[in-house]
Each structure stands twice: as structure tokens, then as C-alpha cells.
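This report describes selected side-chain contacts, surface features and backbone angles of one protein model. The sequence and structure are shown first.

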Amino acid sequence: MRLAMKTSHILNLKLISFTLLLAWIPQAMPVPSLEEQAGALLAWKATLESHPAQLQSWENNTWPCSWHSIRCSKHEASHQDVIVEISLRGLRLRGDLDTLNFTALTTLTSIQLANNQMRGSFPPALASSMPNLRHLMLQENELSGEIPNQIGQLKSLMGLVLSANQLSGPIPSETGNLNKLVVRLDLSSNYLTGLIPRNLGNASKLSMLDFSSNNLTGPIPRKFGNLTKLSILYLDNNQTSGYLPQELGYLVNLQELALSENKLMGSIPDTFGSLIHLTGLNMWNNHLSGRIPEELGYLVNLETLDLSGNKLMGPIPDIIGNWTKLIRVNLDYNQFYGRIPREISNLVNLEDLELSHNKLMGSIPNIIGNMTKLASLYFNNNQLSGYLPRELGYLVNLQELVLGGNKLMGSIPNIFGNLTKLTSLYLGTNQFSGHLPPEIGNLMDLEELQFDTNNLIGPLPPELCAGGRRKVLNAFDNSLNGPLPSSLVHCRSLVRVRLERNQFEGDISAFGVQPNLVYI
């Protein structure tokens, strides 16, 4: 009797265990029929406020797999045709995304509805009903509300792009569960708030991460150092704070790093010298301090470097000469001091050089004349002194030359007449003397000319507005004299003219009625 009871008890336990095991094993999601999927799409189409011509093929009496932007495939288990891809990019579709019955579309591997006018919240059913979804592209729509926590259920997702919508609230920590993300995670240009989830560092295969232009706060997670496959990391235009994590230097495949317009502080980690594939480093408008580390000299592939609007100090290091691929460098609005290093002339591919609003001193190196690709040169508001090197006249591609607010002296070289592509020439608030060279009249494209607050003498060049494009002329606070040139008097493009505190002859009313002139 006891043996029978014991045997019965054991059988009951096994039965309970087997029942629990069945409950634990995930049940296969039923495969919707092609007719059911077509019905869901047609019902959604009926709710749309716009019906582009591309959707005319979506009809009851046609085979759904032949519809525009629909792709089908044989389901592995049921061997029936099912819809696997919806691609309706840029059709200006207008309507609510959550009116689409996603539970009937569980076989989808790709949803591409970018660049439309889809509104409403992000449907939780989209996230919870798509076990095979690999690509979800909903950028440039009008989606609002929060990203649902169910986003973490899209375990097969390789690319997620929700940029340029109106999404708000925090980035769900469940996003860190998407460890198959390989291509792209882009939540940029929304209204997302809160901290960046630390566990996003689990997405170790990700190649692009873009959270730019949101309202994210707090530190950059140190676990981002695990994202060693990243080639692009954009966190700019947020409110992230704290120190730059040294772990970012582990991202040895990184090509573009954008951390601008945040509240980051402290020094630039010397580990950044390991980012040898970096082509773009943008960290402007933060609170970074200290010196540029010598290790950055290893970044020989840099094409863009922008560290402006920080509190960086010390001399501009000689290692700047290593960055021979640079096209643009901006160190404006810092506290750099000392001389402009002669090694800067190694940057023969440079088109834009901006060093304004620092404490640089000494003369402008004449060897800069070798940088013949320069289109913009900003040295204004420093403490530069000495004569203007004639070699600046070799920069025949120069469009903007801004040297105001220094202690430069001597005459303005005649060779500046070679700079025929100039649109802006700012020489004001220096100690220039002598005559304004008549060759300035050769600059037919010149729109803004400022040489106020100097010690210039003599008349204005007769062909000062020969090109007919001059908009701004500031010549005040000099010792200029003589009559106003007729080319200036009849210059109908002028918007702003300041000639006061000189010794010009004639009546200012000679300008007559100028259609665009707002100040004289």
C-alpha cells in the first residue's frame, strides 16, 4: 500500500514538472495567413488621409505579394507565402501608425516608413509582435510620446532609426537588450530626456550610434568603451555633463566623434590618441579645460577638428603639423597663448583655419602662404603683432580673411589685390598705417570691407566698389582724406557705411537715395 502511494506521489510530481516545463517553453507564434496580412494593410490604407499613386496596386482582387513596396517570402515552418517587408519611404503618407494591426504582421523582417507624416505614439504592439524584425526605419515622421519599454523585445533587430520625430521621455533601459544591433541606432533630433542607459554598452557589435539633438543629461556611460565596433558616435547638442570617459579611447574603429554643445568638463583624455582612424573630432561649446594632449598627434587621419568654445589653454602644440589631412580646424574662443606654430604650414589641404578669440601673440608666420587651399582664415581678437606677411597674397582661394582686433602694424600689402575671391576682409582695430592700396579695387567679389580704427591716411581707392557687390564698408577712426570715390557714391548694393572721424571732402548727401542702405 505504501509503495503504491509513493509511486503515485512520484508520478504526480513528474506530471506537475512536465506541465511547468511546457509553460516555460516559449510557444511558437501562430503564422498569420497572407489574406489576413493583406486585410490588415488594406484596413490601414483606408485610415490614411493621403493616397499616393504608389498604393493604387493595393486592392482586394490582386495578389498582395505584387503590391508596390511589399515583399513576400516562404515561411520556413508553414511553407506559405507571408509578407516580410514593407518599404514606403518618402510617399508623404499621412495618418496614425498605431491603426496598423501589427499582430497580423508578425512575419515582418523590415519596416521602412521613413520621410512621411505618420503621427501618434510608437505602438507597443509593433515592438511586442515582431520577433523576426531586423530593420525598423521610422525617421522623419511626426511620432510623439515615449518609446515603449517593449522595444527591448525586438531581439532580432539589427538597425533602429527613429530620428527626426517628436518622441519624448527617457530612452528605455530595455534598449540595452538589443544585443544584435549591428548597423545603426539613431534616436537623434527628438525631445528625449534623462540619462543615457549604461547597458547600451552591451550592443558591442553596433557600428553607428546617434543620440544627437535631444535633451539627454548626465554623464556619458563608461560602458560605451565596450562598443569597439563603432565607427560613428554622435552625442552632440544635448546636456550631457561630467568628464570625458577615458574608455572612449578604446573605440579604436571610430571615424567620427561628435560631442559638441554639451556641458562636458575636464581635460581631453590622452587615450584619445588611440583613435587613429578618426577623421572628425567635434567637441565645441563645452567646458573642456587643460591642454591639447600630445597623444592627439597620432590622429593622422583627421580631416575636421573643432574644439572651439571651451576653456582649453596653453600653446597650440607643434603636433598640429602631423594632421596633414585636415580640411578644417577651429580653435576659436579658448585661452590658447603663445605663438602660432610654424608647423601649421604642413596642413596643405586645409581650407578653413580659425584661431580667433584667444591670447595668441607674435607675428603671423609667413610660411602660411604655402597653404594655398585656404578659403577662410580667422585670426581676429588675439594679441598678434608685427607686419602682415606679403605671402598672404599667395592664398588665391581665400574668401574670408579676418584679422581684426590685434596689434598688427605697417602697411597693407599691395599683393592683397591678388585675392580676387575674397568676399570678406576684416582688418579693423589694429595699428596699420600708410595708404589703403588701390589694388583693393581689384576685389570684385568683395562684400564686406572693414579697416576701421587704424592709422591709415590718404584717399580711398577710386575703384572701391567697382564690382558692385559691396554691402559693408567700415573706414571710421582713421586719418583718411580726399573726395569720396564715385564708384562708392553710386554703389547701390551698400547696406552699411561708416566713414566718421576722418577728413573726407564733400557732402555726404552725394550718396543720394540708396535702395538698400540702412546706416551711414
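## Salt bridges

Glu-500 is partly exposed, with a relative accessible area of 26%; buried means under 20% relative accessible area, exposed over 50%, and partly exposed in between, with a 1.4 Å probe and protein chains only. The side chain of Glu-500 meets that of Arg-498 in a salt bridge, at 2.4 Å from N to O. A salt bridge is defined here as a side-chain nitrogen of Lys or Arg within 4 Å of a carboxyl oxygen of Asp or Glu. Arg-498 has a relative accessible area of 18% and is therefore buried. Salt bridges with shared partners also join Glu-49, Arg-94, Asp-96 and Arg-119 into one network.

By this rule, the count of salt bridges comes to 14. Among them is the pair of Glu-49 and Arg-94, whose closest N and O atoms are 3.4 Å apart. Glu-49 lies in the loop between helix H2 (34-47) and strand S1 (70-74), while Arg-94 belongs to strand S3 (residues 94-96), so this pair ties together parts that are 45 residues apart in sequence. Helices (H or I, at least four residues) and strands (E, at least two) are DSSP runs, numbered from the N terminus. Glu-49 is partly exposed, at a relative accessible area of 43%, and Arg-94 is partly exposed at 30%. Another salt bridge links the side chains of Asp-81 and Lys-74, with an N to O distance of 3.8 Å. Asp-81 is partly exposed, with a relative accessible area of 24%, whereas Lys-74, at 55% relative accessibility, counts as exposed.

## Basis of the model

The model is predicted: local features need pLDDT of at least 70 and side-chain atom pairs count only at pLDDT 80 or more, while totals for chains, interfaces and linings use all residues. Residues are numbered from 1 along each chain as its sequence is written, and side-chain values use heavy atoms, with hydrogens and water left out.

## Aromatic pair

The structure holds 1 aromatic pair. The ring centres of Trp-58 and Trp-67 are 5.4 Å apart and the ring planes stand at 20°, so the pair is stacked. Rings of Phe, Tyr and Trp (its six-membered ring) pair if their centres lie within 6.5 Å; planes under 30 degrees apart count as stacked, over 60 as edge-to-face and the rest as tilted. Both Trp-58 and Trp-67 are buried.

## Positive surface patch

Arg-134, Lys-180, Lys-205 and Lys-229 gather in a patch of positive charge on the surface. Patches are made of residues with over 30% relative accessible area and no salt bridge; like charges are joined within 9 Å, and nonpolar side chains (Val, Leu, Ile, Met, Phe, Trp, Tyr) within 5 Å. Lys-180 is placed in the loop between strand S9 (166-170) and strand S10 (184-186), and its relative accessibility of 46% makes it partly exposed.

## Positive phi angles

Most residues other than glycine have a negative phi. Asn-115, although not a glycine, has a positive phi of about 60°. Asn-115 sits in the loop between strand S4 (110-112) and strand S5 (117-121) and counts as partly exposed at 42% relative accessibility.

Asp-477 is a residue other than glycine with a positive phi, near 60°. The loop between strand S34 (472-474) and strand S35 (479-483) holds Asp-477, which is partly exposed with a relative accessible area of 25%.

Terms used: Accessible areas come from the Shrake-Rupley method with a 1.4 Å probe; for residues, only the protein chains shown count as cover. Lys and Arg count as positive and Asp and Glu as negative; His and the chain ends are not counted. The place of a charge is taken as NZ of Lys, CZ of Arg, CG of Asp or CD of Glu.
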